[in-house]
Amino acid sequence: MTREVFCRTSPSLALVKYWGKKSTRQNLPATPSLAVTLGGVHTETRVRIAGSDSIRLNGEPIALDRFTPLFDSLRRAAGRQVCFQVESSNDFPSSAGLASSSSGFAALTVACARILELDLSPAQLSAFARSASASAARSLFGGFTLLPAGGFAAEQLYGSDYWPELRILIALVSREAKPISSRAAMEATRLSSPYYRAWLRNAGQLLDPALKALETRDISALGPVVRLSYSRMHAALLASSPPVLYWLPNSVAILRECQHLRDEGVGAWETMDAGPQVKVLCLASDVATISGRLQEVDPQLKIIVASVGEGPVCQAEQR
Ligand code: PMV
């Protein structure tokens, strides 16, 4: 019988975005981020001890370079020179701007720590996950999370049952992997965008109004801040040399449809990450109206309806 650890996590969608690194070596975020963990979309990861490290994502072997530093730091913490055999899958497109790295690295951290029998607090697990992907620090918790600028670990602000009416419509504009990774695009922004400094100066100012809106679960106060955060992040990206443009024609068509909906009094508040997908924050009572209108923009468009999700679920099994 082989011991195996299974872990299921959900992606972390930033309402106020992290973009840029305070320390590249330690992978510390330059800006604070406020996020919601998405319910209804998952990463599932299984880890076993093996003779060498290997990772398969959705059945395909993938390169180890981004994973080895995390494996090594967990091995060091446990004082054990063992290797990991990892099988991971997402029930949503990977590397397409749907935060698969947040749920992926969170699941990997929790599963590897458990198989190493490391007794770590959620904050310690969050710090390990952050070293690989800053957004993964937030996927260690359900509900609403905060990762401060320069922060080593994320914290949970509210649990998954805090805002039951909130929904996030994920409009799958493309299933293709993004043309440039968030890591490379962040570096390009830092090195070549004249707006990067302004982004850093301004990003923190969006946090307070977002926190206040969240405190009162006021979507019409939260929505405008969410729009400013992603728009300013993408403005900095666009000003890089060469410009980084993640948007596709359908991304823009959906942004415009959200504007039309708001003009008609329907609360549809969009956000985007490092990819062409558009995520629309709304209340459960508006899901049918908004989905119908986005479907008119593109009848082929796949829309996933997410709610506020839970933190990691992990169990050890004998197989
Ligand atoms: O954690 P990373 O390296 O995958 O970068 C995430 C960047 C954004 O998704 C665009 C913003 C965020 O805060 O999640």
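## Pockets, cavity and ligand site

By class, the residues that line the largest pocket comprise 22 nonpolar, 15 polar and eight charged. The model is a predicted one. About 910 Å³ of space lies in this largest pocket. Its lining has 45 residues, and those closest to the pocket centre are R66, S100, S101, F105 and K178.

Several secondary structure elements contribute to that lining. The strands β2 (12-16), β6 (43-50), β7 (54-57) and β9 (83-90) each supply at least two residues, as do the helices α2 (100-115) and α4 (182-192). The largest share comes from α2, with five residues of the lining of the largest pocket.

Where does the ligand sit? The ligand is placed in the largest pocket. Around the ligand there are 13 residues, of which Y18, S101, S133, S135 and R138 are the closest. This shell divides into seven nonpolar, four polar and two charged residues.

| Residue | Atom of the residue | Distance to a ligand oxygen atom |
|---|---|---|
| Y18 | backbone N or O | 3.0 Å |
| D273 | side-chain N or O | 3.3 Å |
| S182 | polar side-chain atom | 3.5 Å |

T24, R25, Q26, N27, D65, R66, P69, L70, S131, A132 and R183 form its lining. By class, these residues are three nonpolar, four polar and four charged. The helices α1 (68-78) and α3 (122-132) each supply at least two of the residues that line the second largest pocket.

How many cavities of 30 Å³ or more does a search of the whole structure find? The search finds one cavity of that volume. The largest cavity contains about 60 Å³ of space. P11, L13, L38, V41, F92, L98, A99, I170, K279 and I304 line this cavity. Nine of the lining residues are nonpolar, none is polar and one is charged. The general principle behind such a search is that rolling a probe the size of a water molecule over the atoms shows where empty space is left.

Two details of the backbone remain. Most residues other than glycine have a negative phi, and most peptide bonds are trans. N27 has a positive phi, near 55 degrees, and is not a glycine. The peptide bond from S241 to P242 is cis, with an omega near 0 degrees. P242 lies in the loop that runs between α7 (219-238) and α8 (249-263).

Terms used. Residues are numbered from 1 along each chain as its sequence is written. This is a predicted model: local features need pLDDT of at least 70, side-chain atom pairs count only at pLDDT 80 or more; totals for chains, interfaces and linings use all residues. Side-chain values use heavy atoms; hydrogens and water are left out. On a 1 Å grid over the protein atoms alone, a cavity is a set of points where a 1.4 Å probe fits but cannot get out, and a pocket is an open set with protein on both sides within 12 Å along at least five of seven lines; lining residues have an atom within 4 Å of a point. Grid points are joined across faces, edges and corners, and a volume is the space filled by probe spheres set on the points. Ala, Val, Leu, Ile, Met, Phe, Trp, Tyr, Cys and Pro count as nonpolar, Asp, Glu, Lys and Arg as charged, and the others, Gly among them, as polar. A residue is near a molecule or strand if one of its heavy atoms lies within 4 Å of it. A polar contact is a pair of N or O atoms within 3.5 Å; within protein, one must be able to donate a hydrogen and the other to accept it, and residues adjacent in sequence count only if both atoms are side-chain atoms. A molecule sits in a cavity or pocket if more than half of its atoms lie within 2 Å of its grid points. Helices (H or I, at least four residues) and strands (E, at least two) are DSSP runs, numbered from the N terminus.
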